[in-house]
Amino acid sequence: MSKDSPHAAFSAAERHGLYRAIFERRDVRSQFLPEPIPAEVLARLLQAAHHAPSVGFMQPWDFLVIENRELRARIQAGYARENARAAENYRGERAERYRRLKLEGILDSPVNLCITCDRRRGGPHVLGRNSMPEMDRFSTCLAVQNLWLAARAEGVGVGWVSILDPVELAELLGLPEGVEPVAYLCLGYVSEFLDEPELAAEGWRQRLPLTELVHGDGWGRPLEAEALALALEGLEPR
Ligand SMILES: Cc1cc2c(cc1C)N(C[C@H](O)[C@H](O)[C@H](O)COP(=O)(O)O)c1[nH]c(=O)[nH]c(=O)c1N2
């Protein structure tokens, strides 16, 4: 343990770097640059993803690195169809606003990555998955987040596209039975990382106050720990 890191904490500079990645990570759709991501950088991102926690150490993920433009164009066509369907959920001004949002960068980014969940991995009895079988999907999401944060530290933007028919996507990617697409991601360097989520900047939805989301000994009960309540109120707005 080093002198400036009691209780095995990181140094102040290291902590700063980690929190920077967390607070400055963005979902990127509009700011992709076409230049390729060097193989060493992409390899580091995949390694970060592979070091995510997983239920029973199941490691249910696989990573499909998708470069072929023709395949990506077919995936984007599926997006366009699904997005038109999604737009029908809105009326009037909200519908107009929805149609103006750019919600994918499938062809603008130099590479796409599909992170899948192999529900069969580790056999029928995975430690920790007996009562909550969905834990494999949640584990896969943690791999996504590891990659997303590491990418921010590397200056690489990531955009998650979920406006896709999972059955069609699985077919296009030749996924075997029992393997599901969890995250379809667009990756590339960017012209800028926005200061706030694009949906907030576009006036679609704002970040909720954290103080309203932290409860005490039960839903809706106030925090017993007064010091924590005060500390939450004292946080700098982000
Ligand atoms: C599971 C999941 C699925 C999606 C997303 C995220 C996640 C976690 N997001 C990105 C989402 O809109 C974004 O994370 C929030 O708006 C917050 O912005 P930042 O990520 O903080 O920039 C997203 N964005 C988008 O433009 N098209 C999409 O289909 C999706 N799908």
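The model is predicted. It has eight helices and four strands, and buried residues make up 22% of its 238 residues. A UniProt record, an unreviewed entry, lists residues 23-189 as "domain: Nitroreductase".

**Overall make-up**

- The C-alpha trace spans about 55 × 50 × 40 Å along its principal axes.
- Among contacts with a separation of 6 or more, 81% are between residues 24 or more positions apart.
- Within the stretch that the UniProt record lists as "domain: Nitroreductase", residues 23-189, the chain is 41% helix and 19% strand.
- The end C-alpha atoms of residues 23-189 are 18 Å apart.

**Helix α1 and its packing on α5**

- Helix α1 covers residues 12-24, and the count of buried residues among its 13 residues is zero. Helix α1 is thus described as hardly covered.
- Two packed helices are described by the angle between their axes and the distance between the axes.
- Helix α1 packs with helix α5 (residues 135-154) at an angle of about 105°, and the two axes are 9 Å apart. Because angles of 65 to 115 degrees count as roughly perpendicular, α1 is roughly perpendicular to α5.
- On the α1 side the contact is made by G17, A21, I22 and E24, and on the α5 side by L149, R152 and A153.
- By type, the residues of this contact are four nonpolar, one polar and two charged.

**Residues with a positive phi**

- Most residues other than glycine have a negative phi. Two residues with a positive phi are described here, A8 and Q59.
- A8 is not a glycine, yet its phi is about 65°.
- A8 belongs to the segment before α1. A8 has 7 other C-beta atoms within 10 Å, so it is exposed, the limit for that class being 12 or fewer.
- Q59, also a residue other than glycine, has a phi near 50°.
- Q59 sits in the loop between α2 (39-50) and β1 (61-66). With 19 other C-beta atoms within 10 Å, Q59 is partly exposed, since a buried residue needs 20 or more.

**A52, in the loop between α2 and β1**

- A52 is located in the loop between α2 and β1. Its 17 other C-beta atoms within 10 Å make A52 partly exposed.
- Apart from neighbours within four places in sequence, the contacts of A52 are S139, L142, A143 and N146.
- The C-alpha atoms of A52 and T140 are 8.2 Å apart in space, while the two residues are 88 residues apart in sequence.

**F63, in strand β1**

- F63 is placed in strand β1. F63 counts as partly exposed because it has 18 C-beta neighbours inside 10 Å.
- Leaving aside neighbours within four places in sequence, F63 is in contact with L46, A49, L113 and I115.
- F63 and C117 are 54 residues apart along the chain, and their C-alpha atoms are separated by 9.4 Å.

**R81, in helix α3**

- R81 lies in helix α3, which covers residues 69-87. R81 is partly exposed, with 14 other C-beta atoms within 10 Å.
- Between R81 and L164 the C-alpha to C-alpha distance is 8.5 Å, and the separation in sequence is 83 residues.

Note on methods. Residues numbered from 1 in each chain as written. Predicted model: local features only at pLDDT ≥ 70, side-chain atom pairs only at ≥ 80, totals over all residues. Axes fitted to C-alpha atoms, helices over the stretch in contact; angles between N-to-C directions. Helix = DSSP H or I, 4+ residues; strand = E, 2+ residues; numbered from the N terminus. Parallel < 35°, antiparallel > 145°, perpendicular 65-115°, else oblique. Contact = placed C-beta atoms within 7 Å. Nonpolar A, V, L, I, M, F, W, Y, C, P; charged D, E, K, R; others polar. UniProt positions renumbered as here; feature names shortened; annotations may be inferred.
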